[in-house]
Amino acid sequence: MEFKCVDECSQCCIEREYYPTKKFGKIGVLVLPEEKQRIESFAKDLGIHIDIIPRIGLSNGGKGPEKIIAYQMMGKDQNGNTCPFLDKNAKSPHGGFACKIYNQRPLACKAYPLIETSPITLDQKCKFCQTCPTADSNLNSEIESLIQIQHKMNADMPTIWRYATGIGEPDDLQVMKKGWIKQ
Ligand code: SF4
Ligand code: SF4
């Protein structure tokens, strides 16, 4: 079945998940190092406050990452939800809320809901995927974007670090950490 967004859905621009566990807090939209400055400058031009923090780092061992291969743009709500570029006063063609930087959005947004290219795997949290988990067409631009991300996030050092955001629901504050955690 052909992939297309569910009418009026904006779920993936609003809801943020704990990943890989609650201890790491909620994640933001993945932003590649080469995208960071561009996204920050769009935000500045639009007068929008954004917070882009580290997500994945690499090292040859040691006490912390020597290089960052991915950042993340955090949601603007206190619980980590809602992308700061989501425009609740405008609608997209499928009737969801519009993205203020749609043509320039991060590759991660262009790839979603695709999470694997071989075999093609969709994020089961996407509203479309909940009704049709095996969409197999109309995914060319998502596939291209995900392949670009995979090429650019080249893990050329043996130790991987994940940044715990410390952001989430008030009830979960006790279990969440903040800062780099070795994987
Ligand atoms: S990709 Fe999925 S979750 Fe996101 S707006 Fe489309 S249908 Fe909704
Ligand atoms: S940048 Fe745009 S497409 Fe990506 S999460 Fe934000 S509002 Fe949605």
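In strand β3, Met73 is the bridge partner of Val29. Select these two residues to begin, and keep in mind that the model is predicted. The bridge belongs to a set of three that join β1 to β3, and the two strands run antiparallel.

**The sheet around this pair**

Now select β1, β3, β2, β8 and β9, which in that order form an open sheet of five strands with antiparallel pairing. The edges are β1 (29–31) and β9 (178–182), each of which pairs on one side only. From one strand to the next, the twist averages 25°. Strands of a sheet are held in pairs by backbone hydrogen bonds, in either a parallel or an antiparallel arrangement.

Pro54 stands opposite Tyr71 in β3. Then turn to β8 (residues 159–165), which is joined to β2 by four bridges and runs antiparallel to that strand. Here Gly57 has Trp161 in β8 as its bridge partner.

**The whole chain**

Zoom out and colour by secondary structure. The protein has five helices and nine strands. Its radius of gyration is 17 Å, close to the 16 Å that the globule rule gives for 183 residues, so the protein is as compact as a globular protein of that length. The C-alpha trace spans about 50 × 35 × 35 Å along its principal axes. Buried residues make up 25% of the 183 residues. Of the contacts with a separation of 6 or more, 60% are between residues 24 or more positions apart.

**Ligand 1**

Select ligand 1 and the residues around it. Which residues are they? They are Cys5, Val6, Cys9, Ser10, Gln11, Cys12, Gly96, Tyr112, Pro113, Cys126, Lys127 and Phe128. Helices α1 (11–14) and α4 (127–131) each supply at least two residues of this shell. By class, the shell has eight nonpolar, three polar and one charged residues.

Stay with Tyr112 and Pro113, which are joined by a cis peptide bond with omega about 10°. Pro113 lies in the loop between α3 (107–111) and β6 (114–117).

**Ligand 2**

Move to ligand 2. Around it are Cys13, Val29, Cys83, Phe85, Leu86, Cys99, Ile101, Arg105 and Cys109. The shell of ligand 2 has eight nonpolar residues, no polar ones and one charged residue.

**Backbone details**

Most peptide bonds are trans, and most residues other than glycine have a negative phi. The last stops depart from this pattern.

- Select Tyr19 and Pro20: a cis peptide bond joins them, with omega about -5°. Pro20 is in the loop between α1 and β1.
- Select Glu8, which has a positive phi of about 70° although it is not a glycine. Glu8 is in the segment before α1. It counts as exposed because it has 12 C-beta neighbours inside 10 Å.
- Select Thr82, where phi is near 75°, a positive value in a residue other than glycine. Thr82 is found in the loop between β3 and β4 (86–91). With 18 C-beta neighbours inside 10 Å, Thr82 counts as partly exposed.

How values were computed: Residues numbered from 1 in each chain as written. Chains lettered and ligands numbered in written order. Predicted model: local features only at pLDDT ≥ 70, side-chain atom pairs only at ≥ 80, totals over all residues. Near = placed C-beta within 6 Å. Nonpolar A, V, L, I, M, F, W, Y, C, P; charged D, E, K, R; others polar. Pairing = 2+ DSSP bridges. Rg over C-alpha atoms; globule rule 2.2 N^0.38 Å. Buried ≥ 20, exposed ≤ 12 C-beta atoms within 10 Å, placed from the backbone. Contact = placed C-beta atoms within 7 Å. Axes fitted to C-alpha atoms, helices over the stretch in contact; angles between N-to-C directions.
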